[in-house]
Amino acid sequence: MRLDKFLAEVGLGSRKEVKQLIKKGQITVNQQVEKSDKKQIEPEKDVVVFQGERLNYQEFYYYLLHKPAGVVSATEDSRDQTVMDLFSVKDFRKDLFPVGRLDKDTEGLLLITNDGKLAHELLSPKKHVEKEYFAKVSGTMTKEDQQRFLAGIMMEGELTLPAKLMIDEVSEETSKVRIILQEGKFHQVKRMVKACGKEVTYLKRIRMGGLTLPEDLTKGKYRPLTVDELYRLKG
């Protein structure tokens with residue numbers, strides 16, 4: 001990898017900015033001042049230092065974000081705040097993106113990464129990666145509704161895959177439920193509940209595959225995945 005690309009990748013600045021650092025002799029490679037931005041290095045072996053600090057290269061980044069309502073699952077939007085706007089300057093990278101999407105008014109777990117291969121694996125319809133949601137529903141969910149979810153519900157001429165509806169709490173007018181899907185059709189939870197004659201009033205994703213939303217991660221906050229979480233996610 002070229003030295004200027006390496007420096008830009010580790011977040012030291014734009015390609016133009018890091019070229020200036022190199023020209024000024026502020027970068028050393030294996031304890032030697034390097035003045036050529038075209039210098040080829042091996043990121044895993046060569047020791048690159050800036051202002052006394054070794055720069056470590058990382059190809060892929062994985063963050064677990066607790067998405068709040070009112071924020072869109074996109075890298076940019078001309079009208080609304082995006083999930084990427086929640087990142088600090090230190091952690092923000094142009095190649096990061098949300099894996100899948102949550103509706104603007106939906107809260108919960110969202111994976112942010114630059115690993116396109118993993119994103120494809122998680123979103124591929126053939127993989128049937130489970131997504132679990134907690135929902136508050138206007139209306140009483142019943143055992144009959146559970147059977148309908150398991151059998152699949154017709155949406156736009158296509159039957160959904162079997163889904164699990166777990167009823168946690170029921171009152172006269174509302175229900176608290178958890179729903180596990182194996183796919184991610186547009187507004188799927190809301191549309192399946194509506195097909196049963198009820199309405200979702202609050203929705204939160206609490207799990208995606210082996211990745212669960214931590215209770216101590218508050219809305220609008222994010223953190224890197226742990227080694228164990230990444231292992232479970234890649235399964």
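Guide: A nonpolar core here is a set of buried Ala, Val, Leu, Ile, Met, Phe, Trp, Tyr and Cys residues joined through side-chain atoms within 4.5 Å, where buried means under 20% relative accessible area with a 1.4 Å probe, protein chains only. The model is a predicted one, in which local features need pLDDT of at least 70 and side-chain atom pairs count only at pLDDT 80 or more, while totals for chains, interfaces and linings use all residues. Residues are numbered from 1 along each chain as its sequence is written, and side-chain values use heavy atoms, with hydrogens and water left out.

The largest nonpolar core holds 31 residues, and those with the most contacts inside it are Ile112, Phe149, Ile179, Val189 and Val193. Two or more residues of this core come from each of β5 (62-67), β7 (107-113), β8 (131-138), β12 (174-181), α5 (188-195) and β13 (199-208), the helices (H or I, at least four residues) and strands (E, at least two) being DSSP runs numbered from the N terminus. Leaving aside residues up to four places away in sequence, Val189 touches Tyr133, Ile179, Leu181, Val200 and Leu203, a contact being heavy atoms within 4.5 Å. Apart from this core lies another, of 16 residues, with Tyr62, Leu118, Ala119 and Leu217 among them.

Key
Buried < 20%, exposed > 50% of the residue type's maximum accessible area, 1.4 Å probe, protein only.
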